[in-house]
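Take a look at the sequence and the structure below. Then follow this short report through them, part by part.

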Amino acid sequence: MSDAIQLEQKIALEAIEWYLALSEQTDDKLLYQQWQSWLAADPQHQLAWSRIEQVNHGLNTLPTPLSRAITEKTLFKTDKSRRHVLRSLAGIAVMSGGSWVYFKNETLLLPLLADYRTGIGETRSLTLSDGTQVDMNANSAFSIAYSENQRHLTLISGDIMITTAKDTRPFLLKTDWADLKPVGTRFYVRQRDNTALLAVYEGAVDFIRGNHLPLLRVKAGQQISFNATELGSVMSAQESMLAWQQYMLVADNMPLAEIVAQLQNYHHGWLRCDPLIAERRVSGTYPLNNIDQVLKALAATLQLELVYRTRYWITLKPQQKI
């Protein structure tokens with residue numbers, strides 16, 4: 001899939017998320033102003049929004065998108081109806097090269113179906129009904145399934161820090177490639193793209209896969225990375241990975257590509273790193289609430305060029321020699 005189409009899909013998701021937010025918070029004037037700013041920032045935003053209006057054909061006669069959102073609020077009374085609306089919005093399309101590209105990847109909509117989610121540049125702290133504390137990094141989503149006998153969370157995407165509360169019911173965090181069973185603990189899980197990471201800061205976490213027997217117990221001060229087929233070596237857990245809780249990124253000999261991937265969660269648009277410089281190592285502390293400043297600092301330090309296709313589509317490339 002080309003970068004252009006991936007960018008279009010990202011904008012489509014943003015449009016859907018704005019639609020949901022306006023539908024659920026109809027009296028939020030600040031939210032409405034923020035939506036207006038997003039809409040005016042890029043012609044593709046306007047095109048994506050107009051496509052939502054076309055898909056929801058019955059809304060076009062009302063005077064404003066916010067008024068239309070108010071009338072649609074009844075659609076969101078249940079999770080089932082919410083999923084129905086999201087699936088109908090999956091037909092959103094944006095213009096590319098003179099032809100319509102339809103966005104119908106329901107997998108990419110899963111974060112919007114989650115019980116809890118954060119948007120680009122948004123972090124969140126919440127306390128669940130049993131007293132468990134969950135801190136969410138930007139662009140993250142998880143769902144919860146509590147019953148009389150169990151406490152299950154499912155990480156759909158992103159990063160969460162969990163401090164479990166004491167309870168007689170067992171606690172389990174499900175990821176795409178493993179189940180994680182904490183033992184009186186404080187732990188962090190990141191699941192993005194095709195890789196995941198578990199870091200334990202207090203207590204221990206049993207790593208379970210396949211046969212439901214613990215494959216490994218990760219203890220306090222340890223971390224492992226994993227994916228669908230591989231399990232990395234046990235390494236020392238670093239508190240610096242949690243710097244996002246203070247809107248900071250701490251890099252210690254980190255590949256540039258990984259830094260760009262983390263900055264992407266705080267940038268409304270598309271960040272890309274040229275493969276020629278992807279493995280360059282970077283150390284430093286960077287503010288996540290000022291991505292433009294971080295990019296300029298990286299460009300100056302590493303002698304890179306920032307190529308702006310639009311204000312929101314930025315590629316880091318090697319600086320051309322004169």
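What follows describes a predicted model, beginning with a sheet and ending with salt bridges.

Three strands build it, in the order 15-18-17, and the pairing is mixed. Strand 15 covers 270-273 and strand 17 covers 304-308. Both stand at the edges, and each has a single partner strand, so one side of each is left without a neighbour in the sheet. From one strand to the next, the twist averages 20°.

How do strand 17 and strand 18 pair? They run in the antiparallel sense, over five bridges. Strand 18 is made of residues 313-318.

Now find helix 8, residues 291-302. Helix 8 lies across strand 15, strand 17 and strand 18. Its run is at about 140° to strand 17.

How many salt bridges does the structure hold? There are seven. One of them joins the side chains of D130 and R151, at 2.5 Å from N to O. D130 sits in the loop between strand 4 (124-127) and strand 5 (133-136), while R151 belongs to strand 7 (residues 151-163), so the pair ties together parts that are 21 residues apart in sequence.

Are these two residues buried or exposed? Buried means under 20% relative accessible area. D130 has 12% relative accessibility, so it counts as buried. R151 has 4%, so it counts as buried too.

## Two further salt bridges

D167 and R169 also meet through their side chains, in a salt bridge of 3.0 Å, N to O. D167 is partly exposed, with a relative accessible area of 30%. R169 is buried, at 18%.

Next, take K174 and D179. Their side chains form a salt bridge too, at 3.8 Å from N to O. K174 counts as partly exposed, at 28% relative accessibility. D179 is buried, with a relative accessible area of 15%.

Note on methods: Residues are numbered from 1 along each chain as its sequence is written. This is a predicted model: local features need pLDDT of at least 70, side-chain atom pairs count only at pLDDT 80 or more; totals for chains, interfaces and linings use all residues. Side-chain values use heavy atoms; hydrogens and water are left out. Two strands pair if DSSP finds at least two bridges between them. Helices (H or I, at least four residues) and strands (E, at least two) are DSSP runs, numbered from the N terminus. Axes are lines fitted to C-alpha atoms, for helices over the stretch in contact, and angles run from 0 to 180 degrees between N-to-C directions. Contact means heavy atoms within 4.5 Å. A salt bridge is a side-chain nitrogen of Lys or Arg within 4 Å of a carboxyl oxygen of Asp or Glu. Buried means under 20% relative accessible area, exposed over 50%, partly exposed in between (1.4 Å probe, protein chains only).
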